[in-house]
Amino acid sequence: MKLIADLAAIPSPSGNTNEVVTFVENFLKELQVHTYRNRKGGLIATIDGQDNSKHRMLTAHVDTLGAMVKEVKANGRLKIDLIGGFRYNSIEGEYCQIETQNGKKYTGTILMHQTSVHVYKDAGKLERNQENIEIRIDEKVHSAAEVRALGIEVGDFVSFDPRVEITPSGYIKSRHLDDKASVGILLQLIKQIKSEGITLPYTTHFLISNNEEIGYGGNSNITPETVEYLAVDMGAMGDGQSTDEYTVSICVKDSSGPYHYELRKHLVRLAEENKIGYKLDIYPFYGSDASAAIRSGHDIVHGLIGPGIDSSHAFERTHVSSIENTAKLLYFYVQSNLVI
Ligand SMILES: [Zn+2]
């Protein structure tokens with residue numbers, strides 16, 4: 001939980017993930033795990049297995065939703081353009097950080113232009129959109145020229161304050177649990193493999209992808225020997241969904257179609273044999289790095305599991321028991337036989 005909180009605290013909107021990837025790289029270096037960075041900026045860690053002729057790959061993504069400065073407005077505020085799929089209402093009122101191209105950081109707040117009820121009669125009725133939402137920078141600026149004098153320009157990355165909190169009741173509340181919860185789980189799993197001296201049956205790659213929210217994080221760097229590819233990413237909760245904050249969600253189908261039937265059955269078997277709480281579910285508006293890998297033409301057995309995340313791409317929350325159940329299933333999965 002602490003590791004997940006640490007990961008969530010590092011700003012990493014898709015397109016600006018170097019800092020968080022370096023954090024992961026250092027974590028793995030300490031465990032003496034071999035890693036390399038792909039050109040896109042993602043990280044691949046490999047643990048040799050008994051059988052090197054067939055490989056397995058697991059992925060989780062460190063990139064998150066975010067925004068970019070679209071326009072420096074005449075009133076000294078910033079118009080933004082969204083990175084990833086979410087609604088403006090989910091960031092209204094959020095504190096944020098603007099990072100200039102030279103690495104300078106400023107803080108601000110994301111607000112409706114018409115926020116003050118003492119001035120704007122229809123403030124509640126107006127649409128939350130690119131026109132009405134703006135960033136109020138915590139600097140004495142009242143014109144575009146004054147903002148530019150700070151070094152702020154079109155294209156600067158904006159990240160949202162995750163406001164990470166672990167409650168005594170076992171919840172973690174934070175933005176970007178999608179998918180930093182899963183990254184934390186994979187890192188902990190690698191640590192466990194190392195500390196328990198576990199020999200994996202097959203050479204296993206862990207891809208820490210950095211472009212998932214924009215659709216193409218985990219669709220490359222898949223070795224020709226790779227048979228199975230499992231994405232570890234959040235389970236989607238809401239009306240009619242079976243996913244919850246306490247079990248591991250095994251995705252049977254999302255917008256991209258069904259996941260590999262044999263792999264799904266294998267994961268269910270492992271969960272039942274080891275008394276792991278799980279739910280089967282369909283995610284209506286969802287694609288994963290595993291479906292992106294299939295789309296890019298890789299002939300692999302693909303699957304998707306992950307912790308259940310409430311209010312995804314907004315005010316996210318999950319419980320330690322969902323993290324534990326996901327971690328347990330992965331622990332048994334990496335030591336199991338391939339399904340084909
Ligand atoms: Zn995700």
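**View 1. Leucine 111 is buried in this predicted model, its relative accessibility being 13%.** Because the limit for calling a residue buried is under 20% relative accessible area, leucine 111, at 13%, falls in that class. The residue belongs to strand β7, which covers residues 105-112. When residues up to four places away in sequence are left aside, leucine 111 touches Asn132, Ile133, Glu134 and Arg136. Alanine 60 is 51 residues from leucine 111 along the chain, and the C-alpha atoms of the two are separated by 31 Å.

**View 2. Tyrosine 171 and tyrosine 246 form an edge-to-face aromatic pair.** Four aromatic pairs are counted in the model, and in the one formed by tyrosine 171 and tyrosine 246 the distance is 6.3 Å centre to centre, with 70° between the planes. Tyrosine 171 lies in strand β11 (residues 171-173), whereas tyrosine 246 lies in the loop between β14 (235-236) and β15 (248-254), so the pair ties together parts that are 75 residues apart in sequence. Tyrosine 171 is buried, with a relative accessible area of 15%, while tyrosine 246, at 35%, is partly exposed. The ring of tyrosine 171 also has the charged end of arginine 317 sitting over it, 3.8 Å from the ring centre.

**View 3. Tyrosine 331 and phenylalanine 332 are paired edge-to-face.** The ring centres of these two residues are 5.3 Å apart and the planes stand at 85°, so the pair is classed as edge-to-face. Phenylalanine 332 has a relative accessible area of 29% and is therefore partly exposed. A further ring in this view is that of tyrosine 333, over whose face arginine 56 lies, at 4.3 Å from the ring centre.

View 4. On the α4 side the contact is made by Ala181, Ile185, Leu186, Leu189 and Gln192, and on the α7 side by Ile323, Thr326, Ala327, Leu330 and Tyr331.

**View 5. Helix α5 is roughly perpendicular to helix α7.** The axis of α5 (residues 261-273) and that of α7 come within 10 Å and cross at roughly 110°, and α5 passes α7 in a right-handed crossing. Leu263, His266, Leu267, Leu270 and Ala271 of α5 make the contact with Leu329, Phe332 and Tyr333 of α7.

**View 6. The backbone at aspartate 179, asparagine 221 and histidine 313.** Most residues other than glycine have a negative phi, and most peptide bonds are trans. The peptide bond from aspartate 178 to aspartate 179, however, is cis, with omega near 10°, and aspartate 179 lies in helix α4. Asparagine 221 has a positive phi, near 60°; its place is in the loop between β12 (202-209) and β13 (226-232), and at 27% relative accessibility asparagine 221 counts as partly exposed. For histidine 313, too, phi is positive, near 60°, and this residue lies in the loop between β18 (301-309) and β19 (317-319).

Terms used:
Residues numbered from 1 in each chain as written. Predicted model: local features only at pLDDT ≥ 70, side-chain atom pairs only at ≥ 80, totals over all residues. Heavy atoms only, no water. Phe/Tyr/Trp six-rings, centres within 6.5 Å; stacked < 30°, edge-to-face > 60°. Helix = DSSP H or I, 4+ residues; strand = E, 2+ residues; numbered from the N terminus. Buried < 20%, exposed > 50% of the residue type's maximum accessible area, 1.4 Å probe, protein only. Lys NZ or Arg CZ within 6 Å of the ring centre and 35° of its normal. Contact = heavy atoms within 4.5 Å. Axes fitted to C-alpha atoms, helices over the stretch in contact; angles between N-to-C directions. Parallel < 35°, antiparallel > 145°, perpendicular 65-115°, else oblique. Left-handed = near helix turned anticlockwise from the far one by under 90°.
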